[in-house]
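Here is a short briefing on a protein structure. Have the sequence and the 3D view open as you read.

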Protein chains: 2
Amino acid sequence: MPNFQTVRGMRDLLAEEAAILNFVVGKARETAQLYGYKEVITPVVEPYELLSAKSGEEIRQRMFIFKDLGDRDVALRPEFTASIARLATTALKTEPKPLRVFSVGSVYRYDEPQRGRYREFWQSNFELMGSSNSEADAEAILLTNSLMKASGLQGYAFKIGNIGVIRGVLTQMNVDDKVQNAVLQRMDKKEYYEAFKLLDNEKCRTVLQGLLELKGGTPFETAEKITEYVAGYAEAEAAADNLLEILQLVTASGCPVRAVEPAFARGLEYYTGMIFEVNVPELDIALGGGGRYDRLIEVFGGEPTPAVGVAHGLDRVALALQTQKTELPAGRRKTAVVIPVKPELKAEALKIAQLLMEAGVSVEFEVMGRKMGKALEDADRRKVDYAVIVGERELKDDAVVVKDLVKREQSTMKIAELPEKIS
Amino acid sequence: MPNFQTVRGMRDLLAEEAAILNFVVGKARETAQLYGYKEVITPVVEPYELLSAKSGEEIRQRMFIFKDLGDRDVALRPEFTASIARLATTALKTEPKPLRVFSVGSVYRYDEPQRGRYREFWQSNFELMGSSNSEADAEAILLTNSLMKASGLQGYAFKIGNIGVIRGVLTQMNVDDKVQNAVLQRMDKKEYYEAFKLLDNEKCRTVLQGLLELKGGTPFETAEKITEYVAGYAEAEAAADNLLEILQLVTASGCPVRAVEPAFARGLEYYTGMIFEVNVPELDIALGGGGRYDRLIEVFGGEPTPAVGVAHGLDRVALALQTQKTELPAGRRKTAVVIPVKPELKAEALKIAQLLMEAGVSVEFEVMGRKMGKALEDADRRKVDYAVIVGERELKDDAVVVKDLVKREQSTMKIAELPEKIS
């Protein structure tokens, strides 16, 4: 017998897991509708050139890259942003701003598999293009809050920062962009010692060190400390003010913010302003995150356009819900089996099954040709609500026998009344 | 500016197209629930060994095959069946029969792009395992009928056959399986002359020719003619009886069958019994099709298990709906813009936006900081239902100004009453 495991890092989601993921996908789509984001569907397979234009080196090295049969360099999307940027600079180029775009689906990264991290995973992605205002930043956080809340997640909380604070300080101290990127990448991995080593200016290290030590206290206290600390560094001051304003906006709307962190960096080289993540205590890994990326459209050849985006790890949200033993909302259909007592009645029984399904009942038709007792026993084991038995005698009166398998009652019912009685 | 087109054969689905495809995907999922099929989610990237175990040479040559970074031979799934068979022989091995499994998602084939045929496309896939009875065959057709009907498709019709008729005749005339496969592949391409050339026995050609000429008349007449014609070819007779019985079952339940075709072959080498397709006049290409494949599980190392399956081309169904200018069912949310009259009121305005969204209203928050007139003009152009204007004076009375942009009326409303009034 051949060995047919899934590819390392990929997995099958069976009935219950699939249902939870679908539930979360549905909530993401609902959130998009509520916040006025239009859904687009972009390909899983994209030109390598497109995907590598935006991604940092780190993501590039973890992409599934190959040549198609036409010798084109292609890759599986590691995220949605590049595809959305393509649309924003082509098909959606003339759309008036603000432009709100939503996507959901599977993305692919060659990461070391661990709990909650797979090589195929599901994201919902929201991009808001055209606004540089703090309410746009707030929207990315608020919609994430709405999604987590609507999914029924408990105890999640946000961490917020603004990459412009550190960048503003470093820029004013003449640290060039490349070194800044390297410093931020180290900081994202919490390798602070390595990060500091990259700075050859002693004063610069001291200032940065002081900034990072500001964490602690309530988010508001931290945000205010940051504002005071960077006084005099104009760009950093503006970023700190922006961070404080966003914090005010989202907490006023009931968003649970756990921390404001000056050292928060979120690895990706491309953020230019606010950044955030959402976490639950049960998982080591963020459930979602995003931020402001004002160069997004420019990188893809479009007009400079301010933009905020967020991606949610939907299978991680699903995992968190499972870990929290969240019950999916019921709204479950009634279920029935339909059993013809003899083969000649199959056609009649199938018609009755159709009637029930049209009324919204989930019907398993008896396709095994089993004896009545066996079929009923099976229905019982499967916790089906009703058995509809199609027999010759009752059919003459346009009726069938209905067994209520929950109440363990049996009655004869007119076929015409069946849908209403059972659904 | 870089050239960032989609990869040849792949495409972006923008707002309206995405909405139609999502609508059809939703109907497929609903159909699965109604017929008692459990959804599973399997990876897009599968071991090449798995995907090639079942697919005929023709599909194998059109797969996207590559090596992952761990040097594994992998491919993008060209269909769902192999993945489902894997589950049936592993995780779902001990599940009682019948086993009904549903999947939906994108699949990949390197075909020459044409109208309705892309290299990335969407399928829903239903597999019913464990039953060799005609009601199981009928179920695959009936659920397809339910899906087409629920999608609002007009004028679709089924073509039904049974591959066992031709095979039964050829087997009894000692034509070996390989030649049979080759003959059927030619016939599927309507290359009858080429098909006949593969048979070196004159009598065999004559009998096959006679069988193929039986088409015409009503589906029932054709089915009966076939039954008569193959009298004496035991296997073929059984297949013809089965075909007639399935035809009776599905037409009794209101399925529009256009034709029974003895020459109908459906290319794939693996069908063993009933086969069918569903078409609309507007498209040259089938919207869905399937059949009985009793060796499915065996090929994957499991116990011999009778099985019927069907796959639907959901983006083709969506295209057919667009071609027929089908309106999606309304059920559209009310829409509103929320505009703070000055920046200091952003936080209050965001809270009001949250209230409305919690009541199901789709809200676009004014993130551009535009002047009132400009923002209202934009809302009007976008055909938004309401503008909610958050001003200082009204806020003192816990109220806002609401403009009904459809009726062109304006009123002051208590915030607490807003959700009910607008949703």
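In what order do the 8 strands of the open sheet in chain A lie? The order is β1-β5-β6-β11-β10-β9-β7-β8, and the pairing is mixed. The model is predicted: local features need pLDDT of at least 70, side-chain atom pairs count only at pLDDT 80 or more, and totals for chains, interfaces and linings use all residues. Residues are numbered from 1 along each chain as its sequence is written, chains are lettered from A and ligands numbered from 1 in the order in which they are written, and side-chain values use heavy atoms, with hydrogens and water left out.

- Strands are DSSP runs of E with at least two residues, and helices are runs of H or I with at least four, numbered from the N terminus.
- Two strands pair if DSSP finds at least two bridges between them.
- β1 (38-39) and β8 (257-260) of chain A are the edge strands, and each pairs on one side only.
- β7 (residues 157-162) of chain A runs parallel to β8(A), with 3 bridges joining them.
- In β8(A), V260(A) stands opposite I160(A).
- Helix α11 (residues 234-252) of chain A lies across β7, β8 and β9 (274-279) of chain A, at about 160 degrees to β7(A).
- Such angles run from 0 to 180 degrees between N-to-C directions, and the axes are lines fitted to C-alpha atoms, for helices over the stretch in contact.

**The sheet of 5 strands**
- Another open sheet in chain A has the order β13-β12-β14-β15-β16, with mixed pairing.
- β13 (362-365) and β16 (409-414) of chain A each have a single partner strand, so one side of each is left without a neighbour in the sheet.
- β12 (residues 335-340) of chain A is joined to β13(A) by 4 bridges, and the two run parallel.
- S362(A) in β13(A) is the bridge partner of T335(A).
- Helix α15 (residues 372-381) of chain A lies across β12, β14 (386-390) and β15 (399-404) of chain A, at about 170 degrees to β12(A).

**Where chains A and B meet**
- Contact (heavy atoms within 4.5 Å) links 100 residues of chain A with 100 residues of chain B.
- The two chains bury about 8200 Å² between them, 60% of it on carbon and sulfur atoms.
- Buried area is the accessible area (1.4 Å probe) that two parts lose on being put together, summed over both.
- There are 10 salt bridges between chain A and chain B.
- A salt bridge is a side-chain nitrogen of Lys or Arg within 4 Å of a carboxyl oxygen of Asp or Glu.
- One of them joins E364(A) and R100(B), at 3.7 Å from N to O.
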